[in-house]
Amino acid sequence: MNALLRILSLPVHLLAKVPGLGPFVKVLSTTVGQKILMALTGLSLCGFLVAHLGGNLKLYAGEQSFNDYAHALHSLGPLLAAAEVGLFAMFALHIGLAISTAAMNRIARQKDYAVKETKQGVFILPNGGASNWMMLTGLLILVFLATHIMDMKLKANPGVDYSAAMNTEKIVANEYHAVKAVLSTPLNAAIYMVGLVALGIHLSHGVRSALQTLGINHKRWNLLLKLGGILFAWGIAIGFMSLVVWAMSYKG
Ligand code: HEM
């Protein structure tokens, strides 16, 4: 286990030793620096989620409205491709930093225990508990994302019948029907619901924690910030869940 943790935190330690890479790598080699970057990437991903939910809520406005939106997005061409590369880099960085900080924290804790000879367990509540939930829910979101990209972006889920969305050349031409087909497949709907509950839990803690890391923290406002984080998290999760329920009960 120790060896694995050391291997996971190796890239940051190695980069920190490269001369000339400047203070950025130095900051990144500390857990505090990594946490700041993790907070910034996490909040940027929240921005993406707001935009993504906003776009997908157009499903409620009907076939024409959603297809116009999807086609307008696709017509951005290279601009969309660049945004997608940035988005995936953001996801990769956020996940990489989560693994690295967890590994560094655990190594530091083990050293600490060795010095203090404490009998305390490896997981300390409440913070240790919360971060374990963050890892588990993060992993579930990752599994959901892999399914989601296969379903929606690649339109390659063998369990989904895309035929209602295809034109005569058997190319998916109607995004509205493609999304409806994906969300109304029972196994998929279940995977989406589990992924979205995980997203709600992850963001409930993550948003507040990110703001705290960035110093947005005041005794007078803490309760409001905490409630705001929870409301935001479940607003996003329930917004997406409503689309699954809509597709499952769609009769058009
Ligand atoms: C019911 C819920 C959701 C629906 C209906 C939905 C719908 C879609 C659609 C239609 C696409 C394909 C866009 C395209 O063709 O370019 C897409 C892509 C994507 N979705 Fe979702 N989405 C949902 C939830 C989520 C959630 C919760 C996340 C993140 C945790 C997410 C992350 C992504 C990403 C990263 C892409 C790829 C973006 C791109 O390459 O353009 N989606 N989604």
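1. Two residues are in contact if their C-beta atoms, placed from the backbone, lie within 7 Å. Take the contacts in the chain between residues at least 6 apart in sequence: 69% of them join residues at least 24 apart.

2. The model is predicted: local features need pLDDT of at least 70, side-chain atom pairs count only at pLDDT 80 or more, and totals for chains, interfaces and linings use all residues. Residue numbers start from 1 along each chain as its sequence is written.

3. The chain holds 10 helices and 0 strands. Both kinds of element are DSSP runs, numbered from the N terminus: helices are H or I with at least four residues, strands are E with at least two. From the N terminus on, the order is α-α-α-α-α-α-α-α-α-α.

4. Burial comes next. A residue is buried if 20 or more other C-beta atoms lie within 10 Å of its own, exposed if 12 or fewer, and partly exposed in between, with C-beta atoms placed from the backbone. Buried residues make up 18% of the 252 residues in the chain. Helix α8 is largely enclosed by the rest of the structure, because 7 of its 9 residues are buried. These are Glu175, Tyr176, Ala178, Lys180, Ala181, Val182 and Leu183.

5. Now the helix pairs. Two packed helices are described by the angle between their axes and the distance between the axes. Here axes are lines fitted to C-alpha atoms, for helices over the stretch in contact, and angles run from 0 to 180 degrees between N-to-C directions. Angles under 35 degrees count as roughly parallel, over 145 as roughly antiparallel, 65 to 115 as roughly perpendicular and the rest as oblique. A crossing is left-handed if the near helix is turned anticlockwise from the far one by less than a right angle, and right-handed if clockwise.

6. Helices α9 and α10 pack at about 165°, with axes 8 Å apart. That makes α9 roughly antiparallel to α10. Their crossing is right-handed. The residues of this contact divide into 20 nonpolar, 3 polar and 2 charged.

7. Helices α4 and α10 pack at about 30°, with axes 10 Å apart. That makes α4 roughly parallel to α10. The crossing of α4 and α10 is left-handed. From α4, Leu49, Leu53 and Asn56 make the contact; from α10, Ile236, Gly239, Phe240 and Leu243 do. By class, the contact of α4 with α10 has 5 nonpolar, 2 polar and no charged residues.

8. Helices α4 and α9 pack at about 130°, with axes 9 Å apart. They are therefore oblique to each other. Helix α4 passes α9 in a left-handed crossing. On α4 the contact uses Lys35, Ile36, Ala39, Gly42, Leu43 and Cys46; on α9 it uses Leu203, Gly206, Val207, Ala210 and Thr213. This contact has 7 nonpolar, 3 polar and 1 charged residues.

9. Is glycine 206 buried or exposed? Glycine 206 is buried, because 24 other C-beta atoms lie within 10 Å. It is found in helix α9. Leaving aside neighbours within four places in sequence, glycine 206 is in contact with Gly42 and Met134. Its C-alpha atom is separated by 8.1 Å from that of glycine 229, 23 residues apart along the chain.

10. Two backbone points to check. Most residues other than glycine have a negative phi. Lysine 155 has a positive phi, near 50°. Lysine 170 also has a positive phi, of about 60°. Lysine 155 lies in the loop between α7 and α8, and the place of lysine 170 is in the loop between α7 and α8 too. Lysine 155 is partly exposed, with 17 other C-beta atoms within 10 Å. Lysine 170 is exposed, with 9.

Key. Nonpolar A, V, L, I, M, F, W, Y, C, P; charged D, E, K, R; others polar.
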